[in-house]
Amino acid sequence: MPQPKKKAYEVIVDQIREYFLNGELQPGEKLPTERELASRFNVSRTSVREALRKLEIKGIIEIKQGSGSFIRTPEYHSLGEELSSTIIKTEKKLIYEMLELRQALEVECAFLASRRATSEDLERIGKALEMMDQVKNDVELGIQADLSFHINIVLASHNSIFLQLFQTLSEHMQDTIRVTRRQRLNDPERTQETIDEHKEIFLAIAAGDANQAKQLMEKHITQIRRELTESLLSPIGEQHD
């Protein structure tokens, strides 16, 4: 059954949301004038005004008489509950997609590293593991050590395509590690368990046990996804304590 066609103002509302999520509109930034929006979307100014009223009611924009319409900044309204929900959903999707990619990429890299790692490779992975333990109470340094551990396993796979892909996605990888570590390390007991999981992977690679390394890496990422799913089912307020 075909979906009912959206009204003109609904199209504008959706597009302004998309502009924000794409970074084309920033908090505090002024929207184009009614005339410009009407021309851009090929609609009447009446439709534009209706869209702006809807956005204001939802707390997404602030209309200042004589000045124009502005994207609300976080200190005024946290961009509105609906927009915040949209952003959270977008972040969740990206995190899950990145974890899917990590599962496909890193499981195979752990397998290959077990067969191809040199003594220098093993030393780098071991040092990253030691650093994770040393900086476990420092969030940002912990993220860097965690990222280094995983990058060095990819390096040890000696597959140049895997390495290029991983380097290209390293920024997204870092963001994913930041979110997943925050969820995992809310419980102090999980800190040591996380380090132990990485240690088991390292020991399997160092021992040349390719199947064990592969299974442990898959278990590690699967567990992260499970814990992340559980945390996202918690009330919104608990997620952002």
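Glutamate 34 counts as partly exposed, at 23% relative accessibility. Buried here means under 20% relative accessible area, exposed means over 50%, and partly exposed lies in between (1.4 Å probe, protein chains only). Arginine 45 is partly exposed too, with a relative accessibility of 37%.

These two side chains form a salt bridge, with their closest N and O atoms 3.7 Å apart. Glutamate 34 lies in helix 2 and arginine 45 in helix 3, so the pair ties together parts 11 residues apart in sequence. A salt bridge is counted when a side-chain nitrogen of Lys or Arg is within 4 Å of a carboxyl oxygen of Asp or Glu.

## Model and confidence

This is a predicted model: local features need pLDDT of at least 70 and side-chain atom pairs count only at pLDDT 80 or more, while totals for chains, interfaces and linings use all residues. Residues are numbered from 1 along each chain as its sequence is written, and side-chain values use heavy atoms, leaving out hydrogens and water.

The predictor's confidence in each residue is given as pLDDT, from 0 to 100. The chain has a mean pLDDT of 79, and 78% of its residues reach 70 or more. Over residues 74-88, pLDDT stays under 50; the model has 27 contacts for this stretch beyond four places in sequence. Residues 235-241 also have pLDDT below 50, with four contacts beyond near neighbours in sequence. A contact means heavy atoms within 4.5 Å.

## Overall build

The chain holds 12 helices and two strands. Both kinds of element are DSSP runs numbered from the N terminus: helices are H or I with at least four residues, strands are E with at least two. The order from the N terminus is α-α-α-β-β-α-α-α-α-α-α-α-α-α.

Of the 241 residues, 39% are buried. Among contacts with a separation of 6 or more, 67% join residues 24 or more positions apart.

## Helix 2 against helix 3

Helix 2 (residues 34-41) packs on helix 3 (residues 45-57) at about 110°, with the axes 9 Å apart. That makes the two helices roughly perpendicular, a label for angles of 65 to 115 degrees; under 35 is roughly parallel, over 145 roughly antiparallel, and the rest oblique. The axes are lines fitted to C-alpha atoms over the stretch in contact, and angles run from 0 to 180 degrees between N-to-C directions.

Helix 2 brings Glu34, Arg35, Leu37 and Ala38 to meet Arg45, Val48, Arg49 and Leu52 of helix 3. The contact residues divide into four nonpolar, no polar and four charged. Nonpolar covers Ala, Val, Leu, Ile, Met, Phe, Trp, Tyr, Cys and Pro; charged covers Asp, Glu, Lys and Arg; the others, Gly among them, are polar.

## Other salt bridges

The structure holds seven salt bridges. In one of them, glutamate 106 meets arginine 102 at 2.6 Å, N to O. Both residues lie in helix 5 (residues 81-116), four residues or about one turn of the helix apart.

Glutamate 123 pairs with lysine 127, the closest N and O atoms lying 3.4 Å apart. Both sit in helix 6 (residues 119-134), four residues apart, about one turn of the helix. Glutamate 123 is partly exposed, at 47% relative accessibility. Elsewhere, salt bridges that share partners join Glu34, Arg45 and Arg49 into one network.

## Asparagine 152

Asparagine 152 lies in helix 7 (residues 139-157). Its relative accessible area is 8%, so asparagine 152 is buried. Leaving aside residues up to four places away in sequence, asparagine 152 touches Arg124, Ile125 and Ala128.
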